[in-house]
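Morning, everyone. I'll take this one in pieces, so please keep the viewer open and follow along.

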Protein chains: 2
Amino acid sequence: MSDATASGVRPVGVAVLGMGTVGAEVIRYMTENAEALAARIGAPLALRGVAVRDLTRDRGMDPELVTADPAALVARDDVDVVVELMGGIDLPRPLLLDALRSGKAVVTANKALLAEYTDELADAADSTQSDLYFEAAVAGAIPVIGPLRRSMAGDQVERVVGIVNGTTNYILSEMGSTGADYSETLAEASRLGYAEADPTADVEGYDAAAKAAILASIAFHSRVSAGDVYREGISRIAPADFESARDMDCTIKLLAICEKLQCADGTEGVSARVYPALLPNSHPLAAVGGAYNAVVVEAEAAGRLMFYGQGAGGSPTASAVLGDLVAAARNKVGAGRAPGESTYAALQVASMDEVATRYHVRMRVADKPGVLALVAAEFSNHGVSIAQVRQTEAETPEGAGEDAEPTAELTVLTHLASERALADTVSALTDQDAVTDVTSVIRLEGMDTE
Amino acid sequence: MSDATASGVRPVGVAVLGMGTVGAEVIRYMTENAEALAARIGAPLALRGVAVRDLTRDRGMDPELVTADPAALVARDDVDVVVELMGGIDLPRPLLLDALRSGKAVVTANKALLAEYTDELADAADSTQSDLYFEAAVAGAIPVIGPLRRSMAGDQVERVVGIVNGTTNYILSEMGSTGADYSETLAEASRLGYAEADPTADVEGYDAAAKAAILASIAFHSRVSAGDVYREGISRIAPADFESARDMDCTIKLLAICEKLQCADGTEGVSARVYPALLPNSHPLAAVGGAYNAVVVEAEAAGRLMFYGQGAGGSPTASAVLGDLVAAARNKVGAGRAPGESTYAALQVASMDEVATRYHVRMRVADKPGVLALVAAEFSNHGVSIAQVRQTEAETPEGAGEDAEPTAELTVLTHLASERALADTVSALTDQDAVTDVTSVIRLEGMDTE
């Protein structure tokens with residue numbers, strides 16, 4: 001990667017911000033595959049520098065390339081493409097804006113930044129007709145952004161449903177196969193390195209919500225940010241929920257769902273939401289286990305497509321970053337530009353109240369005559385239609401006296417119902433003396449019949 | 001789709017050659033989604049004409065747009081993109097060469113033409129820096145060419161394995177679930193419209209081989225044509241093979257396999273081959289049933305990715321064509337160019353003799369002492385290592401006299417062996433008196449252990 005090349009072609013200058021696992025892998029591949037990359041780009045890549053926080057650590061590379069001043073690196077005249085892998089929002093944001101406004105291409109894996117500030121970044125890119133690439137921000141190595149932006153560009157996407165967070169998918173897969181409870185499985189995941197010390201962003205669905213915002217924006221040519229995404233985490237999921245799932249030939253997955261829908265005012269809108277849901281074992285996403293990711297795209301002409309692969313990790317993420325880097329560099333050598341942000345459709349984001357899903361409701365009720373009729377009436381009163389009911393004898397709770405009233409467990413599967421109607425039903429049920437407890441409410445997705 | 005637009009933007013002129021199922025769907029989507037497509041492209045598409053063979057048929061469109069003279073349509077000054085959906089080789093070939101040489105972009109679904117004449121077409125495209133797109137040529141709606149060309153451009157692809165022919169996948173899926181034999185299932189597939197009147201191109205693997213050539217060329221930046229692809233069809237597959245498959249927790253799929261390998265002379269080469277193979281049920285491709293297609297890509301950094309969806313049909317294929325059309329039109333509006341043919345790696349195509357796979361060999365042998373030892377010795381003599389052997393009593397063949405010698409069925413699963421060594425073993429076995437018949441030889445793919 002030197003400046004002077006035999007052919008005299010001007011190299012494409014690259015600045016890498018951040019040298020964690022992904023950054024180190026990107027630099028390694030840039031070096032090891034330099035010849036192949038040059039052939040594909042039409043010019044060699046030249047690494048101009050790597051910005052790190054801690055200058056004292058040995059990075060195993062020419063120390064002259066390492067700097068603690070990312071702004072100065074980004075501002076260099078011989079930098080054409082800025083690869084941002086530092087994470088966070090406040091630190092990279094001005095750096096990337098500066099890069100784009102001075103006509104440099106940006107490649108980033110920073111989903112949090114994108115989900116919050118895509119508009120600002122896109123405007124900066126448009127101001128100089130520069131490129132903003134972020135395939136690695138969603139689903140690691142799996143090409144999803146590229147296919148949505150380019151391959152589906154002639155089609156009408158109707159829905160995107162993905163398993164886009166490896167940590168929660170690992171935890172749910174484990175809970176499903178071992179029968180262990182949530183906190184136990186989370187602790188195990190932390191020990192194995194599948195969950196971070198502070199797992200909140202993953203287990204509470206913030207990470208998946210940022211990705212859902214990015215997916216929805218691109219799929220529906222509208223602007224959806226992380227705050228627009230309805231979000232529930234997985235911490236309430238209990239072993240009993242997996243038992244219910246098995247009875248229904250389902251599994252439980254944390255899904256990121258983006259879909260077009262009709263809003264209450266009759267206009268077309270977008271729903272973006274993240275929650276754990278029952279999913280039939282026959283659904284293509286049901287078999288996606290462990291730390292894998294997959295995204296299903298449903299489009300008018302294409303029908304159902306699925307993209308599957310490793311959603312995280314140094315090498316897989318580096319693969320996506322490098323693909324973007326080659327594309328950005330090709331555009332620097334030629335005169336092309338990647339598809340920019342496209343928000344012409346400007347669909348409004350629907351509130352969760354406008355979304356209809358199916359619900360699986362589990363409750364403990366008094367085991368006496370008339371209770372089933374009473375429960376059924378509450379659903380009916382709120383306009384929620386019941387698809388299936390199952391009543392099983394419940395064990396007497398521990399510590400209950402001998403004269404404790406006997407209880408039964410009742411599970412109800414509804415047809416499509418609105419969030420509002422279901423919430424009202426649950427609230428009314430809770431007020432009933434005969435209902436001891438509404439133990440869990442989980443949505444059911446991916447059933448073709450309603 | 002008129003010439004004069006309110007914004008004054010010059011429209012992108014489109015010529016469609018061929019108006020079968022796919023062509024009709026492309027034109028329908030172009031018309032129905034004109035506004036969305038214009039927003040994504042930055043200019044409206046204007047349909048300049050449709051070339052058909054039979055002018056007398058009512059196409060349900062402005063008759064002035066329909067022509068029987070494709071050459072004149074392609075030559076029009078106001079045509080910027082030529083969409084070729086007529087099929088065949090001799091008729092479209094000069095048309096597409098003319099289009100590319102006069103600086104027009106070409107979008108085609110013609111795998112047979114591409115697998116034979118990619119070099120010529122690519123040279124024509126390079127001569128004017130025009131675009132040649134062909135996502136629809138492989139695996140219908142599933143984005144495979146785009147991801148390989150763009151998303152994987154920074155990675156090193158090691159292997160591409162696909163189920164890329166819906167007809168054979170339907171037949172094999174049916175044989176696996178019904179136990180029916182090949183010709184019966186083919187007849188049923190024809191009746192249901194899953195197989196053409198002359199099914200040769202599908203069932204003998206020619207269609208899959210053309211797609212393998214295209215995939216191998218792109219994945220390995222080398223030139224592989226249809227004739228370079230080793231090819232076996234599915235007509236020899238018998239119900240007994242599916243029984244063996246079930247015993248091994250496998251299924252049987254027609255696979256298109258493209259991989260890098262070390263050639264006999266020590267250089268790196270490419271193998272491209274198509275044949276029915278045993279595949280473990282745990283392999284992601286094993287669950288791809290019916291008329292679906294899927295492609296697994298294994299790359300150095302990305303690991304294993306899978307792309308899944310509908311591999312044929314009017315709408316799905318139209319989706320891929322339209323995605324390419326939007327990309328080509330965007331490049332006409334901007335100044336970009338799609339990644340052109342990249343053959344810098346120039347890997348040689350390895351002969352089948354250089355490929356090592358595992359084999360499942362089924363034979364009828366005399367049921368007497370010493371036969372197993374003799375069979376084992378023949379494998380060993382030819383350097384083929386045996387992984388598993390199973391011997392079962394065979395029924396006495398119909399019509400055999402009472403004094404017919406009793407026979408047994410012997411199945412042998414080998415470790416990795418070369419094509420040559422296995423062929424020599426089979427030939428030697430056939431010469432043995434104790435071996436009545438080598439009934440079937442099927443390769444085993446997708447096992448991680450060897």
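Let's start with chain A. Six strands form an open sheet here, in the order β3-β2-β1-β4-β5-β6, and the pairing is parallel. Keep in mind that this is a predicted model.

Now, which strands stand at the edges in chain A? They are β3, residues 66-67, and β6, residues 132-133. Each has a single partner strand, so one side of each is left without a neighbour in the sheet.

Strand β2 of chain A, residues 45-51, is joined to β3(A) by two bridges, and the two run parallel. For a landmark, find A:Ala51: opposite this residue, in β3(A), stands A:Thr67.

Over to chain B. Its open sheet has six strands, ordered β3-β2-β1-β4-β5-β6, with parallel pairing. The edge strands of chain B are β3 (66-67) and β6 (132-133), and each pairs on one side only.

Strand β1 of chain B, residues 12-17, runs parallel to β4 of chain B, residues 81-84, and four bridges join them. Here the landmark is B:Ala15, with B:Val82 of β4(B) opposite.

Next, one residue in a helix. B:Thr118 sits in α5 of chain B, residues 111-128. Is B:Thr118 buried or exposed? With a relative accessible area of 18%, B:Thr118 falls under the 20% cut-off, so this residue counts as buried. What does its side chain meet? A polar atom of the B:Thr118 side chain lies 2.3 Å from the backbone oxygen of B:Leu114. Leave aside neighbours within four places in sequence, and B:Thr118 is in contact with B:Leu113 and B:Glu341.

Last stop, the nonpolar core. How many residues does the largest one have? The count is 158, and the residues with the most contacts inside this core are A:Leu148 and B:Leu148. The largest share comes from helix α10 of chain A, residues 206-220, which supplies 11 residues.

Zoom in on A:Leu148. Again, neighbours within four places in sequence are left aside. The contacts of A:Leu148 are then A:Ala153, A:Val157, A:Val160, A:Leu215, A:Ile218, A:Ala219 and A:Val297.

That's my tour. Over to you.

Technical notes. Residues are numbered from 1 along each chain as its sequence is written. Chains are lettered from A and ligands numbered from 1 in the order in which they are written. This is a predicted model: local features need pLDDT of at least 70, side-chain atom pairs count only at pLDDT 80 or more; totals for chains, interfaces and linings use all residues. Side-chain values use heavy atoms; hydrogens and water are left out. A nonpolar core is a set of buried Ala, Val, Leu, Ile, Met, Phe, Trp, Tyr and Cys residues joined through side-chain atoms within 4.5 Å. Buried means under 20% relative accessible area, exposed over 50%, partly exposed in between (1.4 Å probe, protein chains only). Contact means heavy atoms within 4.5 Å. A polar contact is a pair of N or O atoms within 3.5 Å; within protein, one must be able to donate a hydrogen and the other to accept it, and residues adjacent in sequence count only if both atoms are side-chain atoms. Two strands pair if DSSP finds at least two bridges between them.
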